[in-house]
Each structure stands twice: as structure tokens, then as C-alpha cells.
Amino acid sequence: MEAEKQKPEFKLDLNDRIAFSKMLFEGSQADLNDTVAQLNQFKTLEEAKEYLSDLYYDRKWNKVDEYAQRLWILVENKFL
């Protein structure tokens with residue numbers, strides 16, 4: 001049996017960090033940091049998907065869907 005491969009840590013580059021903080025987290029760097037920390041705790045894409053889905057509706061990201069989709073793609077890439 002093959003040992004489970006450790007997933008790389010989820011990180012954002014400076015441009016994404018600034019954009020997501022402003023557009024998705026109403027300027028709150030702390031909320032963005034908490035979200036990134038939470039995403040790094042998940043072992044599967046399904047867990048991350050459920051978490052992001054909750055955030056999408058709770059924070060009404062449908063108004064800034066382009067940024068939400070960018071975050072989603074970055075999270076998916078972490079698990080691929």
C-alpha cells in the first residue's frame with residue numbers, strides 16, 4: 001500500500017491575496033488568513049468544496065463570482 005501523499009500547503013500570491021481580501025473578505029486580512037488556514041486543514045477536495053460552498057452563500061460571493069471562481073480554481077489545484 002502506498003503512503004498517502006502529503007498535499008502542498010495552500011498559499012496565495014500577493015496579487016490574489018490583495019484581491020481576495022478586498023473583494024471576498026470585505027478588506028479583512030484576518031478573515032482571509034483564517035480561511036487559508038482552514039483550507040490547509042482539509043485532506044480532501046470534497047471537504048474544501050463543502051467549506052467554500054458555505055462561504056460562498058454566507059458571504060454572498062455571487063456578487064463577486066469572478067473572484068470566488070478564481071479562489072475555487074486555486075483550491076482545486078492544491079488537491080490535484
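Modeller: An axis is a line fitted to C-alpha atoms, for helices over the stretch in contact, and angles between N-to-C directions run from 0 to 180 degrees. Helices (H or I, at least four residues) and strands (E, at least two) are DSSP runs, numbered from the N terminus. This is a predicted model, in which local features need pLDDT of at least 70 and side-chain atom pairs count only at pLDDT 80 or more, while totals for chains, interfaces and linings use all residues. Residues are numbered from 1 along each chain as its sequence is written, and side-chain values use heavy atoms, with hydrogens and water left out.

Colleague: At what angle do helix 2 and helix 3 pack, and what is the relative direction of helix 2 and helix 3?

Modeller: The axes of helix 2 and helix 3 are 9 Å apart, and the packing angle is about 155°. Angles under 35 degrees count as roughly parallel, over 145 as roughly antiparallel, 65 to 115 as roughly perpendicular and the rest as oblique. At about 155°, helix 2 is therefore, relative to helix 3, roughly antiparallel.

Colleague: Which residues of helix 2 and helix 3 make the contact, and what is the handedness of the crossing?

Modeller: A crossing is left-handed if the near helix is turned anticlockwise from the far one by less than a right angle, and right-handed if clockwise; helix 2 and helix 3 cross in the right-handed sense. Contact means heavy atoms within 4.5 Å. From helix 3 come Ala48, Tyr51, Leu52 and Leu55, and from helix 2 come Thr35, Gln38 and Leu39.

Colleague: Within what arc do the buried residues of helix 2 fall?

Modeller: Buried means under 20% relative accessible area, exposed over 50%, partly exposed in between (1.4 Å probe, protein chains only). The arc is that of the directions from the helix axis to the C-beta atoms. In helix 2 the buried residues are Leu32, Thr35, Val36 and Leu39. They line one face of helix 2, because seen down its axis they fall within an arc of 100°.

Colleague: Which residues are exposed on the other side of helix 2?

Modeller: The buried residues of helix 2 are covered by elements including helix 1, helix 3 and helix 4. On the other side of helix 2, the exposed residues are Asp34 and Gln41.

Colleague: What arc do the buried residues of helix 4 cover?

Modeller: Helix 4, residues 65-79, buries Ala68, Leu71, Leu74, Val75, Lys78 and Phe79. They are on the same side of helix 4, because the arc they cover around the axis is only 145°.

Colleague: How far apart are the axes of helix 3 and helix 4, and which residues of helix 3 make the contact?

Modeller: Helix 3 and helix 4 pack at about 165°, with axes 10 Å apart. That angle makes helix 3 roughly antiparallel to helix 4. Asp65, Ala68, Leu71, Trp72, Val75, Glu76 and Phe79 of helix 4 meet, in helix 3, Leu45, Ala48, Lys49, Leu52 and Tyr56.

Colleague: With which residues is Phe20 in contact, leaving aside its neighbours within four places in sequence?

Modeller: Phe20 is found in helix 1, and its 1% relative accessibility makes it buried. Leaving aside neighbours within four places in sequence, Phe20 touches Leu12, Phe25, Leu32, Tyr67, Arg70, Leu71 and Leu74.

Colleague: Is Ser21 buried or exposed?

Modeller: Ser21 also has its place in helix 1. Neighbours within four places aside, the contacts of Ser21 are Asp16, Glu26, Gly27, Ser28, Gln29 and Leu32. With a relative accessibility of 7%, Ser21 counts as buried.

Colleague: What is the phi of Glu26, which is not a glycine?

Modeller: Glu26 lies in the loop between helix 1 and helix 2. At 70% relative accessibility, Glu26 is exposed. Although Glu26 is not a glycine, its phi is positive, at about 50°.

Colleague: How does Lys60 count by its relative accessibility?

Modeller: Lys60 is placed in the loop between helix 3 and helix 4. Lys60 has a positive phi of about 55°, although it is not a glycine. Its relative accessibility is 48%, so Lys60 counts as partly exposed.
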